[in-house]
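Hi there,

I promised to send you something to look at before we next talk. Please open it first, then read my notes beside it.

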Amino acid sequence: LLDLGRNNLEELQPEIGYLFNLQELILDENILQDVTVVGDLLNLRHLDLSANNLMSFPDEICNCTMLETLYGDGNEFQELPEALGNLTKLTRLNMNYVALKALPNSIGYLQSLEELNIYENYLEHLPSTIGFLRNLQFLVAYDNRLKDLPNELASCTNLTHLNVANNKLERLPDNIGYLKNLRSLHLIGNYLMYLPL
């Protein structure tokens, strides 16, 4: 474990890339603009990049295929690479308030994903491939610009919590009733005229 959070780091020394046994790296609340060296840490299980000055998501992180949790909140990513789909062991992905405009279609490859937090972004749609996330339990996407939800979301049959409050939804998918494990559904602050039977 290496915890460098809450400092004033502007850059990471390249020698960090030699810490081959590192499993947890915490870099939150710094002023980092480049973390490409993290891509050399192939045994990482947990990575926290929250609240830095990252203007784009480093493709190199997608080399860390052992990652189970990835936090990128409070940066300025706008988009995530298609290579994100390489992170098939990921169980939790946090990309809140990072100015995301879209999710990559490869999100469907994250077969182990249980929790997806993407609130306070600029998302207008979710990719239909989200339906492949059969282990997904929590989807938190409030305060976006979602105009609709894909019908394929009903395939996420383990979903227990769905929060799409404060979006621009005019209707819900007719098949949303297939989410039989759903325990909480947050719809406040949308434009819904009716609920599906």
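Predicted model: local features only at pLDDT ≥ 70, side-chain atom pairs only at ≥ 80, totals over all residues.

Residues are numbered from 1 along each chain as its sequence is written, and side-chain values use heavy atoms, leaving out hydrogens and water.

Let's start with pairs of charges. Side chains of opposite charge can pair when their charged atoms come close. A salt bridge here is a side-chain nitrogen of Lys or Arg within 4 Å of a carboxyl oxygen of Asp or Glu. How many salt bridges does a search of the whole structure find? The search gives 4.

One of them joins Glu-29 and Arg-6, at 3.5 Å from N to O. This pair links distant parts of the chain, 23 residues apart: Glu-29 is in the loop between S2 and S3, and Arg-6 in the loop between S1 and S2. (Strands are DSSP runs of E with at least two residues, numbered from the N terminus.) Arg-6 is exposed at 64% relative accessibility, whereas Glu-29 is partly exposed at 39%. For these words, buried means under 20% relative accessible area, exposed over 50%, and partly exposed in between, with a 1.4 Å probe and protein chains only.

Another salt bridge connects Arg-92 with Glu-115 at 3.4 Å, N to O. Arg-92 lies in strand S5 (residues 92-94) and Glu-115 in strand S6, so the pair ties together parts that are 23 residues apart in sequence.

A further one is formed by Glu-124 and Lys-147, at 3.6 Å from N to O. Glu-124 sits in the loop between strand S6 (115-117) and strand S7 (138-140). Lys-147 is partly exposed, with 43% relative accessibility.

Now for a charge without a partner. Is Asp-28 buried or exposed? Asp-28 is buried yet has no salt bridge, and the nearest side chain of opposite charge, Arg-6, is 4.4 Å away. Asp-28 is found in the loop between S2 and S3.

Finally, have a look at Leu-22, in the loop between strand S1 (2-3) and strand S2 (24-26). Because its relative accessibility is 9%, Leu-22 counts as buried. Leaving aside residues up to four places away in sequence, Leu-22 touches Leu-1, Leu-2, Leu-41, Asn-43 and Leu-44, where touching means heavy atoms within 4.5 Å.

Happy exploring!

Key
Helix = DSSP H or I, 4+ residues; strand = E, 2+ residues; numbered from the N terminus. Lys, Arg positive; Asp, Glu negative; His and termini not counted.
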